[in-house]
There are 2 protein chains.
Amino acid sequence: MRTSDIERVKGLPLFADAAPDTLRVATAGAHLQRFPANTMLLLEGDPVDFLYVLLDGQVELHGTWNDRETTLAILRPVSTFILAAVVLDAEALMSARTLDRCEILMIPGDAIRTAMRLDPRFAMAVSRDLAGCYRGLVRTIKNHKLRNSTERLANYLLQLRAADNSGSVVRLHHEKRVLASLLGMTPENLSRAFAALQRHGVSVHGAVVSLGNIGALEALAKPDPLIDNHAPRIGDIIADADAEIWSSEWYKTTGPGAEAAKRHG
Amino acid sequence: MRTSDIERVKGLPLFADAAPDTLRVATAGAHLQRFPANTMLLLEGDPVDFLYVLLDGQVELHGTWNDRETTLAILRPVSTFILAAVVLDAEALMSARTLDRCEILMIPGDAIRTAMRLDPRFAMAVSRDLAGCYRGLVRTIKNHKLRNSTERLANYLLQLRAADNSGSVVRLHHEKRVLASLLGMTPENLSRAFAALQRHGVSVHGAVVSLGNIGALEALAKPDPLIDNHAPRIGDIIADADAEIWSSEWYKTTGPGAEAAKRHG
DNA sequence: ACGCAGACTTGATTTGCATCAATTCGTCAT
DNA sequence: ATGACGAATTGATGCAAATCAAGTCTGCGT
């Protein structure tokens with residue numbers, strides 16, 4: 001494991017406040033693994049033996065029922081996933097699949113649970129992280145139960161804008177069919193939702209979306225701090241922040257090799 | 001505060017494992033309060049100063065946006081709520097309203113946060129509780145994104161049956177319009193969904209629902225342990241259990257004065 | 001270059017659910 | 001009992017989104 005990777009893990013709010021020993025023990029027992037694109041890392045129902053830390057690439061979390069499938073979240077580096085299952089030593093409720101080639105650190109679950117018992121600051125950090133994830137899901141549910149698909153897309157675009165740079169052009173991070181599933185609609189309807197937003201100044205060219213009329217878009221989207229997390233994600237980590245990592249993605253690095261990452265909250 | 005109430009709080013998984021001092025300090029700073037039906041306890045956006053422990057009555061958590069409103073959960077005694085906001089010292093993302101006359105214990109948030117720092121076992125319990133709540137929300141999202149309204153109702157009824165007694169008659173715990181909002185539909189459509197279930201042996205008389213053909217109902221509902229939590233809720237608390245309190249309700253007492261309560265998980 | 005496969009878009013149609021409207025039912029206050 | 005209100009049901013209609021079906025565009029391997 002490269003020391004630069006250890007630095008990145010240490011930068012995570014989950015470990016930032018931990019005792020030096022905690023990080024050392026956790027990373028000692030961990031192993032770094034590479035996966036090709038489109039690999040199942042974990043199937044829902046499987047016992048969860050590791051806490052996963054995504055260092056490079058994108059991972060999709062999804063759920064299935066009765067031959068249907070829905071995307072629950074898409075993760076970007078640096079972020080952890082399935083912490084809740086690790087804490088409870090329970091089976092996974094979501095499946096995890098790589099979208100790109102990925103580099104993932106796997107920390108044994110019992111190392112995490114032991115560390116929580118030994119290191120109160122770490123236990124506190126786990127609680128804060130889980131509380132943030134929880135609140136992110138509350139936002140997601142409100143988003144889905146209270147808004148229609150066009151409104152969800154409009155808010156997603158505004159959120160991207162806020163996270164990226166607040167400019168008038170944003171880049172979609174995923175394939176449109178994946179985005180559609182994340183936003184709870186079919187690919188066909190995502191196309192139509194984009195078409196509907198033309199009226200509000202939005203134009204799409206592949207993954208590049210121009211927001212020509214922010215005012216009009218906001219008038220439609222009615223973004224709400226109690227649903228949408230519009231905090232920019234570039235800069236230093238704010239340890240105190242509401243760790244609300246979940247509305248659609250977790251962290252974001254500023255670019256290749258960039259170390260800076262920031263919480264949503 | 002009555003000692004019987006303290007006993008009930010001590011019975012919560014959140015406090016069961018805590019150091020004696022933790023419970024003592026928490027309950028010392030707490031105050032017990034009664035509220036009439038239909039009282040707003042907390043408005044979304046408000047800072048959260050207390051951890052709430054519902055000792056008697058029912059509380060609805062709901063969210064609003066753009067003049068729409070949706071029920072996110074309905075709580076029954078004994079259960080805690082807005083723990084995540086307390087841990088992060090953040091504003092509430094959900095509003096809380098009493099449905100009945102309620103008896104609620106309010107524990108200052110900073111007492112909770114201090115206790116977490118001083119008592120590692122308590123911090124661990126908080127993590128476990130939050131992890132359980134988180135997983136409950138994952139189930140809820142899967143339920144909503146993967147099923148239609150009739151399927152959600154069918155599974156809700158089967159869950160009630162499993163929680164209550166596994167008999168062929170269940171009693172709805174809430175008004176139908178509240179249930180409709182919880183299940184993500186209009187009251188009109190809940191009526192129609194019940195009508196659709198007649199075909200599968202379900203008949204409704206007020207709050208009493210007979211499930212005349214469990215097999216047929218299950219064939220429609222296709223209950224799934226990764227979405228639905230069918231564990232019975234009568235008996236002793238299982239401290240190890242997956243604290244998944246959220247799919248629709250939290251705890252349930254077995255009857256007036258009964259002390260036994262059990263986790264979903 | 002060519003052909004293929006998969007992503008994306010667009011249109012036609014169907015389905016599910018919300019909305020609007022009217023009526024019944026039960027509960028409570030007078 | 002009577003009237004009044006809110007909850008629940010039922011029917012008619014409209015809208016949003018899924019589905020089905022072509023078709024275009026793009027990247028990729030041969």
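Before we look at two helices side by side, here's what the numbers refer to: an axis is a line fitted to the C-alpha atoms of a helix over the stretch in contact, and the angle between two axes runs from 0 to 180 degrees between their N-to-C directions. Keep in mind that what you're looking at is a predicted model.

Now find helix H7 of chain A, residues 149-164, and helix H10 of chain A, residues 214-221. Their axes come within 9 Å and cross at roughly 130°. Angles of 65 to 115 degrees count as roughly perpendicular and those over 145 as roughly antiparallel, so H7(A) and H10(A) are oblique to each other. The crossing is left-handed. On the H7(A) side, the contact is made by Glu151(A), Ala154(A), Asn155(A) and Leu158(A), and on the H10(A) side by Leu217(A), Glu218(A), Leu220(A) and Ala221(A). Sort those by class and you get 5 nonpolar, 1 polar and 2 charged residues.

Next, zoom out to where the two chains meet. Here 44 residues of chain B are in contact with 44 residues of chain A. On chain B's side, the elements giving two or more residues include strands E4(B) and E5(B) and helix H6(B). H6(B) brings the largest share, 21 residues. Overall, this side of chain B has 23 nonpolar, 9 polar and 12 charged residues.

Definitions and conventions
Residues are numbered from 1 along each chain as its sequence is written. Chains are lettered from A and ligands numbered from 1 in the order in which they are written. This is a predicted model: local features need pLDDT of at least 70, side-chain atom pairs count only at pLDDT 80 or more; totals for chains, interfaces and linings use all residues. Helices (H or I, at least four residues) and strands (E, at least two) are DSSP runs, numbered from the N terminus. Angles under 35 degrees count as roughly parallel, over 145 as roughly antiparallel, 65 to 115 as roughly perpendicular and the rest as oblique. A crossing is left-handed if the near helix is turned anticlockwise from the far one by less than a right angle, and right-handed if clockwise. Two residues are in contact if their C-beta atoms, placed from the backbone, lie within 7 Å. Ala, Val, Leu, Ile, Met, Phe, Trp, Tyr, Cys and Pro count as nonpolar, Asp, Glu, Lys and Arg as charged, and the others, Gly among them, as polar.
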